[in-house]
Amino acid sequence: MNSEILGVILMFVLTLVLAIPFGKYIARVFEGEKSFLDFMAPIENFFFRICGIDSKKEMNWKQNLVSMLTINFVWFLFAMLILMNQGRLPFNPDSNPSMSPDLAFNTAISFLVNCNLQHYSGETGVSYLAQIFCLMFLQFVSAATGIAVAAVVYNALRERTTEHLGNFYNYFMKSLTRILLPLSAIVAILFMVNGMPMTFEGKQNIVSLQGDTVQVSTGPVAAFVAIKHLGTNGGGYFGTNSAHPFENPNYATNIIEMVAQFIIPLAMIFALGFYLKRKKLAWMIFGVMTAGFLLLVVPTMVMEQHGNPEIAKMGVDMSSGAMEGKEVRFGTPASAYWSILTTVISTGSVNSFHDSYMPLSGMNQMLAMMVNAFYGGCGVGFLNFYIFIIIAVFISGLMVGRTPEFLGKKIEAREMKIAVIVTLVSALLLKGGTAFACYIFGGDSTLTWLNNPGFHGFSEMLYEYTSANANNGSGFEGLGDNTLWWNISTGIVMILGRFIPIIGPVAIAGILAKKKYIPESAGTLKTDTLTFGVMIFAVISIVTALSFFPALVLGPIAEYFSIH
Amino acid sequence: MKTHLMPALKLTLICILVFSGIYTVTIWGIGQIVAPNNGKGEIVNYVNSKENLKYGFVNIGQSFTSDNYFWSRPSAVGYNAAGSGASNKGATNEEYLALVQSRIDTFLIHNPNVAKSDIPVEMVTASGSGLDPNISPKAAMVQISRIAKARNISESKVESLVNEYTEKPLLGMFGPARINILKLNIALDALK
């Protein structure tokens, strides 16, 4: 078999093999059981003591949410402060200026909500201080927030009746000290061995072999890129993200980055199985997610390998595939694989440029973000999937005439309303944003921020809101998005697209946890079977098709038919 | 909200100290030992056309446009390593397709012995970073006859150089084979 396809298979299998034991470990961390990182305990307890936090105090779902939202608000103010003043602050060897208020608003929210949409370029837009003390800091804590909230929901799914759903601060701290920090250190060291820079010396001047003078941006890249991927953040140190040869120097680092961004979302599924002692349920969820993922990734890899038919007409050798926006050291298969993986999980880092993908490959990237529950981001991926489980349980309960129950709890009107609102709000934000942008700017021939005309131009706008709403952060980067309209509107979409899909599932889980536990009987709808898996998949497909098909027809599908 | 505000503020300060401060400095310190060139990026020395001893970064591609050198891939930012970038042109963009056509024409003019169907597509399409340090072995092969002629050396000599500088897939099994364009061109200059 061809070495490029073999590389892709290696990346998937390696992640899966690592994710199962790692999921077991995460479950132990949530349980508070013994693990080999227990030497961190005195440090964690010391931090809690200084902060005046009682990490043993059980909180209900509302208290957990309030503590999460409060600390997120503090981070937002802090990030705004740094970004708007970075030009005046020290640790800025390249003398980059402070951000405008609207750009700072967008960037602060973007990193706060684990989205990492970047309307600036890393080389010229942020100082070293902002990279390390603002953006990288947010990459750590926003990922830990997602994992901690998932832990609260896992806790609520147990077989009992309770209001006590653990302690947000406790889960948050342990996600950082027991999961993200140790892994980041390991990954950063592997990166540096492979030649990724880690320096504070600013731009270097070189003279090329041909005699041109060139400035080369460097920086503390390795530390940043490690957490960028582990936390499914995706915000690049450099403008071209993981396509930049300093941010992803070779095929080995490409594999490491791929595994790093995929491992926590995958391990969280298995952690659920170990935590609830329902391994079959975890495998069912994994099966549905993987089926969805494969349906997106395989056609994308095939289309990219075929290359651009318009260039094929010119008569050159097309065997490398669609190489516009791709790097030789990764090749087409590994680039196409990355482009779908980064959109199904909410990383949004790129090693090739999505704007130049074939029309239907671009559609698959958007579909991955519209569903946003095939694996999904750090912790929050399961929350999105949980909403689909609730809807599927309810519908199948109605179909076979059984009381809709999930894990021994009855699902009633209130929970269903929340689940439906969460799904609909996402479709509203995404399509509403695009519709507004088209209405306001449509027909304006003086637009400078649209890089491509016609159907593809529409796709660029649709992609931007899809990415913002899914907290993904990748882009059809041709869109010149550092304008007042794009900064403010995507900022609002990002913040709603983060917190509504967190508050909704936590509320549902909290309400269900309070209900009476009904032990399984012959009349219970089994939720860990293949049949139910197919049911969830059908629900996801129908909801997605009904919500997004018309919008996709106007963009990528129309573009596809214009060349075929 | 109020009861959570003070703990949130204090916890934020501690997290900044640990994850931005201690983590970053620790990684940097380890980098001083394990990373090539103390974490400043791997470099390679050369004597450039002005006969000065200079250095470049192994991983950062450079622009090569002279007939004497193996050409690097097209770049949307002209190999500006202080502002990386892709073209972000859509597959059906007319303006973009015209640009690709003109790159094919230029390639054919400079490489008259090459058939159009032998030009690898990556030599007429721009990379993602604009700093691609590699070309494929095929892309080097089609340039051999031009370089041999321009430098007045035998084609077989250039070809053996290309073979020598072709890097195999990872562990011989994973990913594409490739050539570091800067290293290959330095070796070409050393060839007498």
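A crossing is called left-handed if the near helix is turned anticlockwise from the far one by less than a right angle, and right-handed if clockwise. Helices (H or I, at least four residues) and strands (E, at least two) are DSSP runs, numbered from the N terminus.

This is a predicted model, in which local features need pLDDT of at least 70 and side-chain atom pairs count only at pLDDT 80 or more, while totals for chains, interfaces and linings use all residues. Residues are numbered from 1 along each chain as its sequence is written, chains are lettered from A and ligands numbered from 1 in the order in which they are written, and side-chain values use heavy atoms, with hydrogens and water left out.

**Stop 1: H7 and H9 of chain A**

Select residues 168-193 of chain A for helix H7, then 251-276 for helix H9. Their axes come within 11 Å and cross at roughly 155 degrees. Axes here are lines fitted to C-alpha atoms, for helices over the stretch in contact, and angles run from 0 to 180 degrees between N-to-C directions. That crossing angle makes H7(A) roughly antiparallel to H9(A). For the cut-offs, angles under 35 degrees count as roughly parallel, over 145 as roughly antiparallel, 65 to 115 as roughly perpendicular and the rest as oblique.

Which way do H7(A) and H9(A) cross, left-handed or right-handed? The crossing is right-handed. To see who makes the contact (heavy atoms within 4.5 Å), show side chains on H7(A), including A:Tyr171, A:Leu180 and A:Phe191, and on H9(A), including A:Ile256, A:Ile264 and A:Tyr275. By class, this contact has nine nonpolar, one polar and one charged residues. Ala, Val, Leu, Ile, Met, Phe, Trp, Tyr, Cys and Pro count as nonpolar, Asp, Glu, Lys and Arg as charged, and the others, Gly among them, as polar.

**Stop 2: H9 and H12 of chain A**

H9(A) and H12(A) pack at about 20 degrees, with axes 11 Å apart. That makes H9(A) roughly parallel to H12(A). The crossing of this pair is left-handed. Among the residues in contact are A:Met258 and A:Phe262 of H9(A) and A:Tyr337, A:Trp338 and A:Leu341 of H12(A). The tally for the contact of H9(A) with H12(A) is seven nonpolar, three polar and one charged.

How many of the 14 residues of H12(A) are buried? The count is 14 of the 14, so H12(A) is largely enclosed by the rest of the structure. Buried means under 20% relative accessible area, exposed over 50%, partly exposed in between (1.4 Å probe, protein chains only).

**Stop 3**

A:Lys326 is buried, at 0% relative accessible area. Beyond residues up to four places away in sequence, A:Lys326 touches residues of both chains, including A:Glu304, A:Tyr357, B:Arg73 and B:Asp132.

Now jump to A:Lys228, in helix H8 (residues 221-230) of chain A. A:Lys228 is also buried, with a relative accessible area of 0%. Leaving aside neighbours within four places in sequence, its contacts include A:Gln139, A:Asn241, A:Glu247 and A:Thr347.

**Stop 4: H3, H4 and the loop between them**

Select 61-85 and 101-112 of chain A for H3 and H4. These two helices pack at about 140 degrees, with axes 9 Å apart, and are therefore oblique to each other. H3(A) passes H4(A) in a right-handed crossing. Side chains to show include A:Trp75, A:Phe76 and A:Leu83 in H3(A), and A:Phe105, A:Ile109 and A:Leu112 in H4(A). The contact of H3(A) with H4(A) divides into twelve nonpolar, two polar and no charged residues.

In the loop between the two helices, click A:Ser95. Most residues other than glycine have a negative phi. A:Ser95 has a positive phi of about 50 degrees, and A:Ser95 is exposed, with a relative accessible area of 59%.

**Stop 5: two asparagines**

Switch to chain B and find B:Asn88, in the loop between strand E2 (53-57) and helix H2 (94-110). B:Asn88 has a positive phi of about 55 degrees. Is B:Asn88 buried or exposed? B:Asn88 is buried, with a relative accessible area of 7%.

Back in chain A, select helix H13, residues 359-371. Of its 13 residues, 13 are buried, so H13(A) is largely enclosed by the rest of the structure. Just after H13(A), A:Asn372 takes a positive phi of about 55 degrees.

Conventions. Expected span 1.5 Å × (residues − 1).
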